[in-house]
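Hi everyone, thanks for coming. Please have a look at the sequence and the structure on the screen, and then I'll walk you through a few parts of them.

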Amino acid sequence: MKTDPDAPLTPAAPDEGVPVSVKIRQRILAARKRFHANDNIADFVEPGELEKLLDEVEVKMQGVLDSLVIDTVSDHNTGDTARRVAKMYVNEVFRGRYVKPPTITEFPNAEHLNELMIVGPITVRSACSHHFCPVIGKVWIGVMPNEHTNVIGLSKYARLAEWVMGRPQIQEEAVIQLADLIMEKTQPDGLAIVMEASHYCMAWRGVKDMDSRMINSVMRGVFLKDAALRREFLALIPRRTDRS
Ligand SMILES: [Zn+2]
């Protein structure tokens, strides 16, 4: 076959062979956006790319197993581990990085509710950004609506929390992300969030403290100004140190 030395190289697929993670990263950099562990990057992932990303993570995960000197060929337990871990990361525990926020139907506040409303405990599951160890706990949300506040169904708070927690997180940043999201969706007069969670990086490794929990809170709007309201919210949350 005669070839023209000046012809463009493979015009059909110029980016063939470029890993999908590199393509996504280039789009994020071009848009000058952040892609920290707890950022959502769904706007930069094109249809069909998540499946390719999963394949890419599987290959890299197999590399980790190889470097840990685990015989994944003979060992029937670890033969599919690379694929399973890749699926767990991309489709389950870190899904909140790669998919758009859950669609939430907002209703006008027809009843003009303006009493403190508390949602919780909502069970939340995440992983710490430092070790990728599970962080499992509960969240309580206090909302002080006004007549203009959009009302969302109770279960929707859990879905918003799931989306935010479905990323490698730092608890202090997770509650702020959740507060920002709920403020944006419902625009209440005030919002209070308390999160209590067990950090398994403390139990499984490190100091091996099996019982350490971290509690933190975010207050917005009237909860910042009104100490009585803050006390009312904290008093209505069931005693958080109770063990089952
Ligand atoms: Zn950790």
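**The zinc site and its surroundings**

Let's start with C201, which is buried, with a relative accessible area of 9%; buried means under 20% relative accessible area, exposed over 50%, and partly exposed in between, with a 1.4 Å probe and protein chains only. Before I go on, a word on the source: this is a predicted model, where local features need pLDDT of at least 70, side-chain atom pairs count only at pLDDT 80 or more, and totals for chains, interfaces and linings use all residues. Residues are numbered from 1 along each chain as its sequence is written, and side-chain values use heavy atoms, with hydrogens and water left out.

So which residues coordinate the zinc ion? They are C128 through SG, H131 through ND1 and C201 through SG, at 2.2 to 2.3 Å. Donors here are N, O and S atoms within 2.8 Å of the metal (3.2 Å for Na, K and Ca), and water is not among the atoms, so sites may look incomplete. The spacing of the donor residues in sequence is C-x2-H-x69-C. H131 lies in the loop between β1 and β2 and C201 in helix α7 (residues 200–203), so the pair ties together parts that are 70 residues apart in sequence. Helices (H or I, at least four residues) and strands (E, at least two) are DSSP runs, numbered from the N terminus.

Leaving out residues up to four places away in sequence, C201 touches C128, H131, C133 and G206, where contact means heavy atoms within 4.5 Å.

Now to α6, residues 171–186. This helix has 16 residues and reaches 22 Å from its first C-alpha to its last, close to the 22 Å expected at 1.5 Å a residue; the expected span is 1.5 Å times one less than the number of residues. Its buried residues include A174, V175, L178, L181 and I182. What do the buried residues of α6 pack against? The partners are β2 (134–144), α5 (154–165), β3 (168–169), β4 (190–199) and β5 (213–221). Just after α6, Q187 takes a positive phi of about 45°.

The largest nonpolar core has 30 residues, and those with the most contacts inside it are I141, Y157, L178, I182, I193 and M195. Such a core is a set of buried Ala, Val, Leu, Ile, Met, Phe, Trp, Tyr and Cys residues joined through side-chain atoms within 4.5 Å. Two or more residues each come from β1 (117–128), β2, α5, α6 and β4. Setting aside neighbours within four places in sequence, I182 is in contact with I141, Y157, L160, Q187, P188, L191 and I193.

**Helix α2**

On to α2, residues 49–67. Its buried residues are E49, L53, L54, E56, M61 and L65, and their cover includes α1 (20–30), α3 (81–93) and α4 (95–98). After α2 comes V69, whose phi is positive, near 55°.

**The whole chain**

Finally, the overall picture. The protein chain has 9 helices and 5 strands, and 38% of its 244 residues count as buried. Along its principal axes, the C-alpha trace spans about 80 × 45 × 25 Å.
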